[in-house]
Amino acid sequence: MTLDTCGTAEGRVIAVRATKAWGTACFVGEGGNVTLDVSPDLLRKQLTIVGSWTFSTVVQADCARFIAERKVPVDDLFTHRWQLREAEEAYQVFDRQTDGKGVFMM
């Protein structure tokens, strides 16, 4: 399974092409167009593509567990880091939908 949360065409193509045969690529969030070469990128690999605006809390927990168990290095994914007391500023920045990914540090 691959997971794209960047919403860019390049990121989504990479996610599809990195998915193993019979696997699933998931696009989360909004953003741009994607152009794929249907036969080699999808059909010959028997892929499933899932689109979601967000995840349920159950799937969010599954993703967090996957990341933690495999020690996936996620620090470089985040362009912004805030403390919880900075939530208002964080939501103002991300409401513009022009920046990268943010995380609240506890």
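**Salt bridges up close**

Guide: Let's start with Glu69 and Arg70, which form a salt bridge with their closest N and O atoms 3.8 Å apart. The term here means a side-chain nitrogen of Lys or Arg within 4 Å of a carboxyl oxygen of Asp or Glu. Before going on, keep in mind that this is a predicted model, where local features need pLDDT of at least 70, side-chain atom pairs count only at pLDDT 80 or more, and totals for chains, interfaces and linings use all residues. Residues are numbered from 1 along each chain as its sequence is written, and side-chain values use heavy atoms, with hydrogens and water left out.

As for how much shows, Glu69 counts as exposed at 53% relative accessibility, while Arg70 is partly exposed at 49%. The cut-offs are simple: buried is under 20% relative accessible area, exposed is over 50%, and partly exposed is in between, using a 1.4 Å probe and protein chains only.

There are four salt bridges in the structure. Another one joins Arg65 to Asp62, N to O at 2.7 Å. Those two sit three residues apart in helix α3 (residues 57-70), so about one helical turn separates them. Helices here are DSSP runs (H or I, at least four residues), numbered from the N terminus. Both ends of this pair get some surface: Arg65 is partly exposed at 43%, and Asp62 is partly exposed at 38%.

Now for Arg17 and Asp41, whose salt bridge has its closest N and O atoms 3.1 Å apart. This pair links distant parts of the chain, with Arg17 in helix α1 (residues 9-18) and Asp41 in helix α2 (residues 38-43), 24 residues apart.

Leaving out residues up to four places away in sequence, Asp41 touches Val16, Arg17, Leu36 and Leu47, where contact means heavy atoms within 4.5 Å.
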